[in-house]
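Hello,

Here is the structure for your files. My notes on it follow below.

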Amino acid sequence: MNPPCGRCKKPVYPTEKINCLDKYWHKGCFSCEVCKMALSMTNYKGFEKKPYCSMHYPKTSFTIVTDTPENLRLKQQSMLNSQALYKEDFEKNKGKGFSVVADTPEMQRVKKTQDQISNALYKEDFEKSKGKGFSVVVDTPEMQRVKKTQDQISNIKYHEEFEKSKIRSDAPPPENRQDYEEQTPNPERFRQPAGQVHPAAVAPPSGAKRYQAMYSYTAAEADEVSLLEGDVILDVEPIDEGWVFGCNQRTGQRGMLPANYVRPV
């Protein structure tokens with residue numbers, strides 16, 4: 001059975017029920033007794049179980065107040081507000097500038113929810129970083145200086161390795177190098193069957209032509225000769241298409257060199 005309204009005495013249904021001042025009210029009936037202004041649970045003031053607005057709340061002149069449940073609730077609320085205001089002013093004077101919030105059940109629920117969200121985010125970040133093997137380091141000026149120095153050292157090493165590995169040559173690499181290596185997989189390149197002598201296996205005759213290096217070349221194998229532009233090559237003898245055998249007059253080194261890097265003189 002639906003209870004009657006505290007003002008119009010008609011039944012109050014659950015969808016429009018307001019429970020206040022030990023009575024049930026329609027939302028439209030919960031208004032000030034004097035001006036009929038609509039009230040809510042946050043702006044009403046009760047007197048003798050009747051709602052009033054702050055403007056028409058009855059002014060009492062007596063000094064003795066009966067300790068009714070409503071008066072005791074108002075007294076406790078006033079004390080809490082007074083303590084909150086006092087602590088707020090005190091903290092502002094200290095320069096911290098934050099306000100004290102009453103530890104109500106609603107605030108406890110919000111705090112608990114925030115803690116759960118914080119724990120969830122922490123676990124998510126931990127799982128993402130797990131196994132990466134790094135620790136968080138504070139980005140201090142000293143750490144920034146060390147990081148900058150390491151970057152500079154890394155750049156220097158990179159350029160040094162690049163210069164070492166770069167082929168110092170102004171011409172394209174010799175042709176048929178790969179084909180020649182496939183044809184002679186044996187490291188002893190000049191070994192021939194019995195009774196045959198390869199021209200490169202013996203010293204060429206003294207009347208062989210002289211050649212001059214047109215480009216610089218860095219030896220890629222132990223049996224090759226490095227060249228600098230302008231080097232004179234003695235005792236040059238062709239051994240294969242694209243390759244010749246000769247002696248570098250400047251270094252005295254003997255071995256193979258690309259034929260398109262030299263010219264006869």
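Accessible areas here come from the Shrake-Rupley method with a 1.4 Å probe, and for residues only the protein chains shown count as cover. On that basis the accessible surface of the protein is about 20,300 Å², with 54% of it belonging to carbon and sulfur atoms. This is a predicted model, in which local features need pLDDT of at least 70 and side-chain atom pairs count only at pLDDT 80 or more, while totals for chains, interfaces and linings use all residues. Residues are numbered from 1 along each chain as its sequence is written, and side-chain values use heavy atoms, with hydrogens and water left out.

Overall layout

The protein has four helices and nine strands; helices (H or I, at least four residues) and strands (E, at least two) are DSSP runs, numbered from the N terminus. Along the sequence the pattern is β-β-β-β-α-α-α-α-β-β-β-β-β. Of its 265 residues, 19% count as buried, meaning under 20% relative accessible area, with exposed over 50% and partly exposed in between (1.4 Å probe, protein chains only).

The sheet

Five strands form an open sheet in the order β8-β7-β6-β5-β9, with antiparallel pairing; two strands pair if DSSP finds at least two bridges between them. β8 and β9 (262–264) are at the edges with a single partner strand each, so one side of each has no neighbour in the sheet. β7 and β8 pair over five bridges, and Trp243 has Pro258 in β8 as its bridge partner.

Cores

A nonpolar core is a set of buried Ala, Val, Leu, Ile, Met, Phe, Trp, Tyr and Cys residues joined through side-chain atoms within 4.5 Å. The largest one has 15 residues, of which Leu227, Ile233, Leu257 and Val262 touch the most other members. β5 (211–213), β6 (232–240), β7 (243–248) and β8 (254–258) each give two or more residues to this core. Apart from it lies another core of ten residues, including Cys20, Trp25, Tyr44 and Tyr52.

Aromatic pairs

Rings of Phe, Tyr and Trp (its six-membered ring) pair if their centres lie within 6.5 Å; planes under 30 degrees apart count as stacked, over 60 as edge-to-face and the rest as tilted. The whole structure holds six such pairs. Phe30 and Tyr44 have ring centres 5.7 Å apart and planes at 65°, so they are edge-to-face. Phe30 is buried at 0% relative accessibility, and Tyr44 is buried at 15%. Tyr215 and Tyr261 are also edge-to-face, with centres 5.8 Å apart and planes at 80°. Here Tyr215 is partly exposed at 28%, whereas Tyr261 is buried at 1%.

Regards
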